[in-house]
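Student: Could you take me through this structure feature by feature, giving the general idea before each case?

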Number of protein chains: 2
Amino acid sequence: MREAKESRRFAGRVNGLRPSAVREMLKATESPRITSFAGGLPAADLFPVADLAAICQTILADDATGALQYTVTEGFLPLRQWVCRHVEATGGIRCAPEEVLITTGSQQALDLAARTFLDPGDVVVAQDPSYVGALQVFAAYETRTVGVSSDSEGMCPDALRHVVLNSKEPPKLLYLVTNFQNPTGLTTSARRRRELADIAAEFDVLVLEDDPYGRLRYSGADLSPLVTVAERSNCIYLGTSSKILAPGLRVAWMVVPDTTTFSKLVAAKQTADLHTAGFTQRIVARYCDSSEGFERHLSALVAAYRQRRDTMHAAMNACFPEECNWSLPDGGLFFWVKIPQGLDATTLLKTAIAKDVAFVPGAAFCVSTAISNAMRLNFSNASPTRIEEGIARLGTVLKEALYEINRR
Amino acid sequence: MREAKESRRFAGRVNGLRPSAVREMLKATESPRITSFAGGLPAADLFPVADLAAICQTILADDATGALQYTVTEGFLPLRQWVCRHVEATGGIRCAPEEVLITTGSQQALDLAARTFLDPGDVVVAQDPSYVGALQVFAAYETRTVGVSSDSEGMCPDALRHVVLNSKEPPKLLYLVTNFQNPTGLTTSARRRRELADIAAEFDVLVLEDDPYGRLRYSGADLSPLVTVAERSNCIYLGTSSKILAPGLRVAWMVVPDTTTFSKLVAAKQTADLHTAGFTQRIVARYCDSSEGFERHLSALVAAYRQRRDTMHAAMNACFPEECNWSLPDGGLFFWVKIPQGLDATTLLKTAIAKDVAFVPGAAFCVSTAISNAMRLNFSNASPTRIEEGIARLGTVLKEALYEINRR
């Protein structure tokens, strides 16, 4: 097929990532020899396998046709009803099942929002750095994503206002991960949520709040999502079962208070894949609705991840050069570690892989500002022992690199 | 949110279908009182539920992490390997697992092809009438779909050549359902496949051959897909587990011989939903790979559907006015019945629903030529007894309508 005949989309991209040496390097980290802090995977050893096996039997015994036949695009009603109870109990979001659209993972929710609201050339505003999967979606729709800087409370309102006022056209979408952001681990403060929501309302920018990690809180108190403090019709809130149950089921949800917007998203979803698998929707619904089992699982998960976070924090304190710094995230899966100016995390990754330890260089997540001296470390997917060993090795890599620099 | 800020896509569309009275009417047919020949559903009573339940246990016992964790975008390797053996055994397609991309149903395959190859304004060529779900995808990407007429051997080469030569820009995509087409039930002859493939090659048009029904053959012999007779790199072949196992699993496949095209589709898929559920991919792989169980199931399915087809054919011969005509499809799920000129199938549907029987008016599938006097009847989703009763009632509706016309 002639290259010239292909769509402009994906023109410069292969395998979804901007072509990069980092991706090639990280391929090597799939070897079991390597302690990888690179991915964002939940801990497979904590999947509630026996409970899921029992649930599969129950579903195929009493609701096989529901699980296996074509079904409605909007999603399985009892799952949508559970999502309503869940987001109200955990975030104070009051919504009806008619406002909940089930998606094939949150990635699809991002894609549906983009295809429904964005035209080529549109401006999207996002935290800088941001989740790569979202940046890829915005790029695929040929939009221009502008990164806005954050401080310890989250995205800076003044910086956001500056971007909005200085865009040739007003931005269409504000993309935010408010809890334990990927990659920085930062949580947007309550005050900041209100300020950002106010700016979005003032300039009529759609807020897309992505909350994959909200239930994985290890310290501090839950904060209200923007949809509860902002003009509801201007917000979409995303949640998922991937981090609290199992990503391999591909079941997530969008809360969409505006009915016209909801209908458009359903139309987009119908075009995209008709509906999310009825079987996996039922697995999530039955598991999460068996409140006792689910809440017990979630407590165990939070306890295990808290221990891994604390182990990594302590190991970094013990092994990293004092010129490195990071904050303790209140939840989620990641540490964001700033390494001394002059060190390049991408160069460092090469050395680290040679010592059987891996991470993602911060540069991979950058939107408008290049950051070469940061790394994202995942703590959910390695045992405490491996975390200690891996961080010790990474500390050595860092110290050797610093020694080389200081020697020059 | 202001209407003006939304994307141009989906501007005039809600719920995926062009707004239509038909859709509203068909909503009524969900009642169990109604015998519906309207949908395209497989028979739920033939799902191999016990086997699937056993397979779920096995998967969660020996491969729980594989089933529940994030996985690669391309799909589960053993499933891709099975697809290779399957398409070779059934259609003579020789391909490697590296040419097989697993998708979240064939609907996603259509969507990925469109987003990868089509820009707004591009021309797509399709059989007229065609599958509505594909037409919706092409419309969502703001392309112009041109319908080409068929005779009993399939799409007419002269008509296709005429469209290609008279398009302002050469068409980018030729969309074909070659086996037991939805809605007409027509199969493209071997000679015609070669002729269409030659035209596509001559004008460098990508062939998207959608084959959801190929294994559901009740008479005649299998024919080779276009990918085996055409320039391979110019073809994409789609298959699915929806009609031979269960649509609620949402597992389908694309065979994409060209490696550059394959990479672009993987990038699009990664943006769309990261990957198809690892759990349902494994269910399909294990079931279909247990050749004995799968082949036994398929034989039973073919036998049952053949009986339903023959029952409907005999009932129509007995009960429909002689002015109606149709051909016996060699496979698939549908009869396409032409009713006398002067009768309007959409008007008739209203009367039919009042008599507790439903179908889809042919107009719903039209691309470039309006057809008001045809109806699509599904025979897979009702028992032979209900088929006989429903066709008898529909015969009465038709005869009464003809009587009214002749009286005028």
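This is a predicted model: local features need pLDDT of at least 70, side-chain atom pairs count only at pLDDT 80 or more; totals for chains, interfaces and linings use all residues.

Student: Which strand of chain A pairs with strand 8 (residues 206-210), and in which sense, parallel or antiparallel?

Tutor: In general, the strands of a sheet pair through backbone hydrogen bonds, either parallel or antiparallel. Here strand 8 of chain A pairs with strand 9 (residues 235-240) of chain A in the parallel sense, over 4 bridges, and one residue pair to look at is E209(A), whose bridge partner in strand 9 is Y237(A). Two strands are said to pair if DSSP finds at least two bridges between them, while helices (H or I, at least four residues) and strands (E, at least two) are DSSP runs numbered from the N terminus.

Student: How many strands form the open sheet, and in what order?

Tutor: The open sheet of chain A has 7 strands in the order 2-10-9-8-7-3-4, with mixed pairing. Its edges are strand 2 (100-103) and strand 4 (144-148), each of which pairs on one side only, and the twist averages 20° from one strand to the next; axes are lines fitted to C-alpha atoms, for helices over the stretch in contact, and angles run from 0 to 180 degrees between N-to-C directions.

Student: Which helices lie against these strands?

Tutor: Helix 5 (residues 105-117) of chain A packs on the sheet, touching strands 2, 7, 8, 9 and 10, with its direction at about 115° to that of strand 2; contact means heavy atoms within 4.5 Å. Helix 7 (residues 157-166) of chain A lies across strands 3, 4 and 7, running at about 150° to strand 4.

Student: Is strand 3 of chain A mostly covered or uncovered?

Tutor: Burial is read from relative accessible area, where buried means under 20%, exposed over 50% and partly exposed in between (1.4 Å probe, protein chains only). In strand 3 of chain A, 5 of its 5 residues are buried; this strand runs parallel to strand 4, joined to it by 5 bridges, and Q127(A) stands opposite V148(A) in strand 4. Q127(A) is also among the residues touched by T188(A), which counts as buried because its relative accessibility is 1%.

Student: Which residues of helix 13 (residues 345-354) of chain A are buried, and where do they sit?

Tutor: The buried residues are A345(A), L348(A), L349(A), A352(A) and I353(A). They cover an arc of only 140° around the axis, so they fall on the same side of helix 13, the arc being that of the directions from the helix axis to the C-beta atoms. On the other side, T347(A), K350(A) and A354(A) are exposed.

Student: How are chains A and B related?

Tutor: Copies are superposed by least squares on the C-alpha atoms of residues with pLDDT of at least 70 in both. Chain A can be laid on chain B with an RMSD of 0.0 Å by a turn of 180° and a shift of 0.0 Å along the axis, and the two copies are therefore related as by a two-fold rotation axis. In chain A, the C-alpha nearest the axis belongs to C56(A), 3.5 Å from it.

How values were computed:
Residues are numbered from 1 along each chain as its sequence is written. Chains are lettered from A and ligands numbered from 1 in the order in which they are written. Side-chain values use heavy atoms; hydrogens and water are left out. Lists of a residue's contacts leave out its neighbours within four places in sequence.
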